[in-house]
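This briefing goes through one protein model by topic. Keep the sequence and the 3D view at hand while reading.

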Amino acid sequence: MSSDWEIRMSNSKGIPYYFNATTKQSSWDAPSELSDEQIKSLPGAHHLSSGSSGGVETITASHLLVKHKDSRRPSSWKEANITRTKEEAIEILRGYQAQFGDSREKFEELANLHSDCSSHSQKGNLGPFAKGQMQKPFEEAAFALQVGEFSDITSTDSGVHIILRTA
């Protein structure tokens, strides 16, 4: 049986993904119709590392970012010139934290309305990422979380974040 699937490397994320040359469909997850043996024989299978996971360990997370004047790029989709201090940004995040408590739905709503990241339009969802793809403090906080768990406030060069590990 010939497969139209191949494995490609994502330029933006640096991790492998599955691409169907006929339908132009792409997916982070292996196509369910393919066996492990078929996957290993796909063009580009060398992009998958050895091991039981079938690839690089990735997680998915969402975040709510508040930038401040000392952020790497102190502007966002909602504010051209951010002048608040880091301390003020932390206070804003604490307010959001009090509003969402342990509600993923409320967190996503607040991320959609208030996050200074372009991911706000995806309710803060950053999609899958592997170690080495995010700023170190963000990566360490995200990988330390259990699925469904929120981080405390995490500071990076981008600003201050609350992270929700989603997978």
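The buried residues of helix H4 (residues 136-144) pack against E4, E5, strand E6 (154-156) and E7; a contact means heavy atoms within 4.5 Å, and buried means under 20% relative accessible area, exposed over 50%, and partly exposed in between (1.4 Å probe, protein chains only). This is a predicted model, in which local features need pLDDT of at least 70 and side-chain atom pairs count only at pLDDT 80 or more, while totals for chains, interfaces and linings use all residues. Residues are numbered from 1 along each chain as its sequence is written, and side-chain values use heavy atoms, with hydrogens and water left out.

**Overall layout**

- The protein has four helices and seven strands; helices (H or I, at least four residues) and strands (E, at least two) are DSSP runs, numbered from the N terminus.
- Along the sequence, the pattern of the protein is β-β-β-α-β-α-α-β-α-β-β.
- The C-alpha trace of the protein spans about 60 × 30 × 25 Å along its principal axes.
- The protein has 167 residues, of which 43% count as buried.
- Among contacts in the protein with a separation of 6 or more, 54% come from residues 24 or more positions apart.

**Helix H4**

- Phe-138, Glu-139, Ala-141, Ala-142 and Phe-143 are the buried residues of H4.

**Helix H2**

- The 15 residues of H2 (residues 86-100) should span 21 Å at 1.5 Å a residue, and this agrees with its end C-alpha atoms, which are 21 Å apart; the expected span is 1.5 Å times one less than the number of residues.
- Ala-89, Leu-93, Tyr-96 and Phe-100 are buried in H2.
- Gly-101 follows H2 and has a positive phi, near 55°.

**Helix H3**

- In H3, the buried residues are Phe-107, Glu-108, Leu-110 and Ala-111.
- Seen down the axis of H3, these residues fall within an arc of 165°, so they line one face of the helix.
- E4, H2 and E7 are what the buried residues of H3 pack against.

**Two loop residues**

- Pro-43 is in the loop between helix H1 (36-40) and E4, and is exposed, with a relative accessible area of 52%.
- Not counting residues up to four places away in sequence, Pro-43 touches Trp-5, Glu-6 and Ile-7.
- Ser-118 is in the loop between H3 and E5, and counts as exposed at 60% relative accessibility.
- Ser-118 and Leu-65 are 9.7 Å apart in space, C-alpha to C-alpha, and 53 residues apart in sequence.

**The second largest pocket**

- The second largest pocket is lined by 23 residues; those nearest its centre are Arg-72, Cys-117, Leu-126, Met-134 and Ser-158. On a 1 Å grid over the protein atoms alone, a pocket is an open set of points where a 1.4 Å probe fits, with protein on both sides within 12 Å along at least five of seven lines, and lining residues have an atom within 4 Å of a point.
- Strand E4 (58-66) and strand E5 (125-130) are the elements that give two or more residues to this lining.
- E5 gives the most to the lining, with three residues.

Conventions:
The arc is that of the directions from the helix axis to the C-beta atoms.
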